[in-house]
Amino acid sequence: MRRASEAPVSSSLNAGQRSLVELILTTRNRIIGVNGLAGTGKTTALKAARDLAEREGFEFVGLAPSHSAVRALQKSGIESQTVQRWLLDRKAESRLTPRSVVVLDEAGLAGTVTLRAVLERVERAGARAVLVGDVYQYESVEAGRGFAQLQQQGMQTAELSEMVRQREPTLAKAARLSVHEPARALQLLPVIQEQDAAARHARMARDFGALSPSDQAQTLLLTGSHEARRDINERVRAELGLAGSGEHIRVFRGLDMTAAQKKQLETYQPGLAIRFEKDYRSLGARRGDTAQVERVFSDAMIVTLPDGTHRTMSPRRLSGKGWSVGVVEDFEVAAGERVRFTGTNSDAGYRNREHGVVGEISADALTIRRSDGSNLKLARDRVLSLDYSYAVTGHSAQGLDASRIILEKDTHSRTTDRRSFYTDVTRARDAAVVVTDSSARLAQLVHSDRTQLAALDVVGSSGLTFER
């Protein structure tokens, strides 16, 4: 990219952002990394790099592990999609050329197998890869931590450390300290102590309900578990006077299962639901369909599709990654309700983790006003993938920020540690309030780190070597 590197880099960028742009434009390495702290303007820098490189005929391809991260990457003007969808597209590799630059955002959330598959495609095409992430944030749910290990092994990496998201001085200082001195950061934040979980959740709901509607729209409630999220959401709806005032629809709620568990027939019983996340022509199922388990046999099971047809399904013969197992529940929604999608349905027009507000509710349809201002009309006779979005877990908040954060940190939860504290606090632009059962214990836990082990860590610590 020699000619692109000679173009002037925008003076509006800070020193770290300019260094990132220059690295992308001048490096001779096929694979480089960008390790940027939360709120350091990675998207702004990527947009500047893309603008300069595309003038010289280079094409940027954007990938991310989640739809929320895809939307954030698209703000930089890079056409993007989920990395899973890109890897399933057999023609995607043929569209790569030596002038392609593959940008994988939130690379720390990509498992080692996924990361390797991306880099193998890049290598075969003679293209380039830019891996963007933050080694201090949440790690991948999948096995491995390839992004961090590549940096440890010498991958050329640009560092962004100047946080620009926070607008309030004390919060900005707390955000900076949360990276390496989280206990000091905690001392700078308002902390509310309520030992009982129900009391904590009620306090969060009351504080949220006391805000003006405009402030509520700019406030995010964060917690560490799905049980707490559901309880807080119900309490918020009661505070807002929405409980009992809406219409009822059917929604799918997924259960936590591994791909291996989904392939075992012992997992299933009549009444469970299956949501298909891709087309299965052999079953006559389309992406977004929800089927019900009717009968389970020793080698297969009978499921009913939305059109009423019965099909025989053998989970062991399928990959285990193309469907979710859960239950269909009754769900009340009222006009003005804040909701989020919990699955993807391309035909219906929604993506997983996309947020919106309920608009008009008619006898046969539900209208959702999305964050971009467009309206999405959904048929009420279908099983939808919806949940309330006043409170969300830290993991599901990837790609989100807000003016105000009200953050629950339960010291008995396995999700309370340094990574979650840093990731959650730095989502706030103007204010962050911490609600906990024990301030003293929380000050200790924010120093702890549950970094997942990788195979190389075990080999290294045991002194084992491999013969060649």
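Predicted model: local features only at pLDDT ≥ 70, side-chain atom pairs only at ≥ 80, totals over all residues.
Residues are numbered from 1 along each chain as its sequence is written. Local features need pLDDT of at least 70 and side-chain atom pairs pLDDT 80 or more, while totals for chains, interfaces and linings use all residues; side-chain values use heavy atoms, without hydrogens and water.

Helices (H or I, at least four residues) and strands (E, at least two) are DSSP runs, numbered from the N terminus.

| Element | Residues |
|---|---|
| Helix H12 | 226–239 |
| Strand S9 | 247–254 |
| Strand S11 | 290–296 |
| Strand S12 | 301–304 |
| Strand S13 | 310–313 |
| Strand S17 | 365–370 |

An α-helix has 3.6 residues a turn, so residues three or four places apart point the same way. Just after H12, Gly-241 has a positive phi of about 75 degrees.

Six strands form an open antiparallel sheet, in the order S9-S14-S10-S11-S12-S13. Two strands pair if DSSP finds at least two bridges between them. S9 and S13 are the edge strands, each pairing on one side only. S11 and S12 are joined by four bridges, and Gln-292 has Thr-304 in S12 as its bridge partner.

Thr-367 lies in strand S17. Thr-367 is buried, at a relative accessible area of 16%. Beyond neighbours within four places in sequence, its contacts (heavy atoms within 4.5 Å) include Val-357, Gly-359 and Leu-376.

Notes
Buried < 20%, exposed > 50% of the residue type's maximum accessible area, 1.4 Å probe, protein only. Expected span 1.5 Å × (residues − 1).
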